[in-house]
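Student: Before I rely on any label attached to this model, I would like to see each one set against its definition. Could we begin with the aromatic rings?

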Amino acid sequence: MVEHGALTVIGLKWVPSFAQGQVRDHRVRWALREVGWEYEVELIDGAHMTTPTYRAEHPFGQVPLLREDGRVTLFESGGIVLDIAERTGRMLPSDKNQRALAKCWTYAALNSVEPFLLELFFADMMIEDKEVARGYRPHAEKFARDRLDKLSVALGDRDWLVGDEFSIADLMTASVSKVSENSGLINDFPNLAAWRERCFARPAFRDSIAEQLAEYERHGPADMGWDQDPTKN
Ligand SMILES: N[C@@H](CCC(=O)N[C@@H](CS)C(=O)NCC(=O)O)C(=O)O
């Protein structure tokens, strides 16, 4: 049993419906639930993220953040998940080569997959000038599709990305794939869609998402300090 201090995951009080289920603190909750570490949740609003106190903890004023009594506060979802895995020895293959590979995948998820899926997400949901968005979308989709295609080849017919068991490679990559959820692109790759279902069927994932969605249900745009849902302007 690995000792740890009292844990608090920092998340947001509310986000628009298209982002619900995607906010990255679910990665931290998922990892903590996988290893059986209990945590509290603190929900913050838009103004709080800009305060110097919060910026001292999170340089970019974002979520997630993981506070732990007696330990440094951690930011950046991949770094936090990796730290939880290394401390507990869970979600990492026992073979040292496979273990190193699982860590590589954690970085690959964030650096080689997520940025490409984010472009598609921006084209579909975030670029306000719809003409610009329409013009850009085919390029964004081409690059996103290319990354998913390569990911699909890398996974092949195996159940998990590295070794024979679920690892942080799967947790991070499956979570990252949610970024382009609205596009439905992953369904063009049946092995990826099935693998992702396997990841998302895990109780730790389901419970972390349910917990997050229930929090959004209890809040609204005003709790974030917004007059209205910013996507309804
Ligand atoms: N690379 C960071 C990204 C964090 C991030 O983009 N967080 C979003 C929520 S999912 C956020 O805080 N957005 C509000 C903002 O950037 O002001 C991570 O993985 O932790």
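Tutor: Rings of Phe, Tyr and Trp (its six-membered ring) pair if their centres lie within 6.5 Å, and a pair counts as stacked with planes under 30 degrees apart, as edge-to-face over 60 and as tilted for the rest. By this rule the count comes to 8 aromatic pairs. The model is a predicted one, in which local features need pLDDT of at least 70 and side-chain atom pairs count only at pLDDT 80 or more, whereas totals for chains, interfaces and linings use all residues. Residues are numbered from 1 along each chain as its sequence is written, and side-chain values use heavy atoms, with hydrogens and water left out.

Student: Why is the pair of W14 and W226 called edge-to-face?

Tutor: The ring centres of W14 and W226 are 6.1 Å apart and the planes stand at 75°, so the pair is edge-to-face. W14 lies in the loop between β1 (7–12) and α1 (25–35), while W226 lies in the segment after α9 (203–218), so that the pair links distant parts of the chain, 212 residues apart. Helices here are DSSP runs (H or I, at least four residues), as are strands (E, at least two), numbered from the N terminus.

Student: What makes W14 count as buried, and what makes W226 count as partly exposed?

Tutor: Buried means under 20% relative accessible area, exposed over 50% and partly exposed in between, with a 1.4 Å probe and protein chains only. W14 has 8% relative accessibility and therefore counts as buried, whereas W226, at 31%, counts as partly exposed.

Student: How do you know what kind of pair W30 and F200 form?

Tutor: Their ring centres are 6.2 Å apart and their planes lie at 65°, so this pair is edge-to-face. Because W30 lies in helix α1 and F200 in helix α8 (residues 190–200), the pair ties together parts that are 170 residues apart in sequence. Both W30 and F200 are buried, and W30, W160, F166, F200 and F205 form one aromatic cluster.

Student: What makes the charged end of R198 count as sitting over the ring of W160?

Tutor: A charge sits over a ring if NZ of Lys or CZ of Arg is within 6 Å of the ring centre and within 35 degrees of the ring normal. The charged end of R198 is 5.8 Å from the centre of the W160 ring and sits over it. K142, likewise, lies over the face of F143, at 5.0 Å from the ring centre.

Student: Why is V15 called buried, and why is C104 called partly exposed?

Tutor: V15, in the loop between β1 and α1, has 6% relative accessibility and therefore counts as buried. C104, found in helix α5, has a relative accessible area of 47%, so C104 is partly exposed.
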